[in-house]
Number of protein chains: 2
Amino acid sequence: MNKVVTCVAPVNIATIKYWGKRDEHLILPLNDSVSLTLDCDQMHAKTSVLAGPLIDEDSVWLNGQIMSIETNERLKKCFDLIRNLIRIRKGENSQEAKWNIRVCSENNFPTAAGLASSAAGYACLVYTLANVFGLVDEDLSSIARQGSGSACRSIYGGFVHWKAGNDDLGSDSTAVQIAADTHWPEMRILILVVNETQKKTSSTVGMKQSVKTSELLKYRVQKCVPERTNEIIQAIMDKNFEKFAEITMRDSNQFHAVCLDTYPPCVYLNQVSHEIISFIHDYNEAIGQIKVSYTFDAGPNAFLFIQQKDLSLFLSELVNVFPSHQPNSSYLRGIETMPLSKIKPYGFKSKDKDLFRYIMVTKLGSGPKCVNDHLLNNDGTLKSNN
Amino acid sequence: MNKVVTCVAPVNIATIKYWGKRDEHLILPLNDSVSLTLDCDQMHAKTSVLAGPLIDEDSVWLNGQIMSIETNERLKKCFDLIRNLIRIRKGENSQEAKWNIRVCSENNFPTAAGLASSAAGYACLVYTLANVFGLVDEDLSSIARQGSGSACRSIYGGFVHWKAGNDDLGSDSTAVQIAADTHWPEMRILILVVNETQKKTSSTVGMKQSVKTSELLKYRVQKCVPERTNEIIQAIMDKNFEKFAEITMRDSNQFHAVCLDTYPPCVYLNQVSHEIISFIHDYNEAIGQIKVSYTFDAGPNAFLFIQQKDLSLFLSELVNVFPSHQPNSSYLRGIETMPLSKIKPYGFKSKDKDLFRYIMVTKLGSGPKCVNDHLLNNDGTLKSNN
């Protein structure tokens, strides 16, 4: 019997946003995007795979629920692409391509919270399968992309550039690393998880509507994104935080502007999101320099970027402006959250309590990796803690 | 002694939005805009003017407050332009150009409510002065424009097209009537006055920031607005409500998208505005046809367009979804608000009470006109009811 292989894969946060596909089936984007890969220590998807001639059928467990592979087109495609690759590398009659595969996957953060769980999930699935079948040196980003577009960026650590490419078959639509996480070790990422009950349009549906109806998206794709992508890559290489931060904020706002230009409009930011945006601009203005920036995906949660040296002072202001009934020990999660600076020199007004569920502080990470803490037993049964 | 002349001028609501100036001093817009002029019976600015050799100095009273003409550049410009026009028409040494002018003006709706009070106000000032000095057949829209851009559209009734023009001096940046109010007498306009305390960026400051920082505004101006302007003028001529309504909603959303693309972003819509937007799309979808459309200016209040035949049913749903503690007799103001249709077949969920201060129902109007109900006595003193 083969052994269980288990890997973790990270969440990535886009600073130049992916919004709109040029090919729905192959998941080819209309424009380039740029992202930061987060440390797996705080947030990750974890996937265990057992594959072999004795496994009776393909099956996928996600967060304790069995998934139907046949009706889940994207999951099916990842299995098919991996098997195709096995046949290409190991011969048309390779037995391994005929093995059934058992998968168990889970996220260590809320799937429903709009925290890019599918990106981490598909990156983890593809990376783990690649480890099982000895395919880790292949272009895994193209396979992960066909599970969930932005998953292709979670295949690499540090700063990642997903090139839209031109090929109709998507051969040049792959992710590449701009710089490793060690290039800018001072970078910190804060995730403000907003208390939110509202329904939202899924990003798959939203971007389809935008492609169909937003005139501004055309200009964004043709003109704005290419310029910004070059500029932010340069800012990353130069470790020019202010430039990086400004482009990040502008691109988040432009993405949400395109959503609003969609017909009917797609609205992902709520009142709390707007209060965060407003606070960040006020904070930077009070300091007289861009110390912190925000970006928002297709949901109300904020992702903030700040350098380590500025973290303590900012956090003390942040918990002051957005207070919680929880003690800081549970309100603030992740790394370097203590001690808070006692200095609150700008006197921002406190808002209502509990606008956030919690604040997560994390840093850049190095991408997917294998671990020994499995979700499956070697006989293919689920470990009891699942 | 001369007699007091008093006029009223209407509010206008843009369906293709004016956002961005190509000349700050002359108030020349970057793009064409299209508006509907509302009936003066429900909402108007009213201005009384007394001018003559015996008036001791220029003075302007607005809503009971004395204004400083010297420090108010736009007010001063309107006085100067009128006096220039007097000299052009009546000779360089015309005595009338030397007369001092006493002005008393007020709005019959809240100035602070973001209901285009300055458009009505400047249109009224210019129209009244023109009546005093026998200049009513002149291009008053160009003078009103230099008081407040959108004021040029309140000079005409019905449907109005403000052409951006190309001339650096603004000679071709004037408003023209597309069609009179009698062309589409079934058109109704609802104003949902949202309860709101939040500060906002003034539209003057906001549009300046957008011109400076929004890349999407460039595309809107060059590409989107010219196409939409032609399309909506055709829809108005054809009385094609669905076409008119869709373009109106799209252009409102695009204008607010440009505001969001501004750096730092300008946000005028609040959560209630977004709930209105969402409700209108749900309502039209439930009916299976575009029966009602929305537009928002630089504030959270909604302006809705609907045809008279669809008003009663829609109003009954609207007060059901957005209830008030007030009785309908004070919650619903204006025309044709009763009786409400008893049929509520779509079962939309009611939201919290009192999200709106009130709902005003009005119709198209024919533009500024003279009235006999003066705000000044013939000796230049303010009437006591001010």
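This is a predicted model: local features need pLDDT of at least 70, side-chain atom pairs count only at pLDDT 80 or more; totals for chains, interfaces and linings use all residues.
**Entry 1: one chain by itself**

I began with chain A and looked up its secondary structure. Chain A holds 9 helices and 17 strands. Next I checked its overall dimensions. The C-alpha trace of chain A spans about 70 × 45 × 40 Å along its principal axes. I also wanted to know how the radius of gyration of chain A sits against that of a compact globule. For 386 residues such a globule would have a value near 21 Å, and chain A has 21 Å, so the two agree.

**Entry 2: how the copies are related**

Two copies of a chain are related by a rotation about an axis and a shift along it. I looked up both values here.

**Entry 3: where the chains meet**

I turned to the contact next. Chain A brings 31 residues to the contact, and chain B brings 31 residues. Of the interface residues of chain A, 100% are also interface residues in chain B, so the copies meet through the same surface. Chain A and chain B bury about 2700 Å² between them, and 59% of this is on carbon and sulfur atoms.

Then I went looking for charged pairs. I noted 2 salt bridges between chain A and chain B. One of them joins A:Glu215 to B:Arg228, with the closest N and O atoms 3.5 Å apart. The count of residue pairs in polar contact between the chains is 5, with both residues at pLDDT 80 or more.

Which helices of chain A each supply at least two residues to the side that touches chain B? They are helix 5 (215-238), helix 6 (241-261) and helix 7 (271-287). Helix 6 of chain A gives the most to that side, with 9 residues. I sorted the residues of this side of chain A by type as well, and they divide into 13 nonpolar, 10 polar and 8 charged.

Most residues other than glycine have a negative phi, and most peptide bonds are trans. I kept that in mind while going through the loops.

The peptide bond from A:Tyr263 to A:Pro264 is cis, with omega near -10°. I located A:Pro264 in the loop between helix 6 and helix 7 of chain A.

In chain B I noted a cis peptide bond from B:Met338 to B:Pro339, with omega near -5°. B:Pro339 is in the loop between strand 15 (332-334) and strand 16 (356-363) of chain B.

A:Asp354 is not a glycine, yet its phi is positive, about 65°. I placed A:Asp354 in the loop between strand 15 (332-334) and strand 16 (356-363) of chain A.

Key. Residues are numbered from 1 along each chain as its sequence is written. Chains are lettered from A and ligands numbered from 1 in the order in which they are written. Side-chain values use heavy atoms; hydrogens and water are left out. Contact means heavy atoms within 4.5 Å. Buried area is the accessible area (1.4 Å probe) that two parts lose on being put together, summed over both. A salt bridge is a side-chain nitrogen of Lys or Arg within 4 Å of a carboxyl oxygen of Asp or Glu. A polar contact is a pair of N or O atoms within 3.5 Å; within protein, one must be able to donate a hydrogen and the other to accept it, and residues adjacent in sequence count only if both atoms are side-chain atoms. Helices (H or I, at least four residues) and strands (E, at least two) are DSSP runs, numbered from the N terminus. Ala, Val, Leu, Ile, Met, Phe, Trp, Tyr, Cys and Pro count as nonpolar, Asp, Glu, Lys and Arg as charged, and the others, Gly among them, as polar. The radius of gyration is taken over C-alpha atoms; the globule rule is 2.2 Å times the number of residues to the power 0.38.
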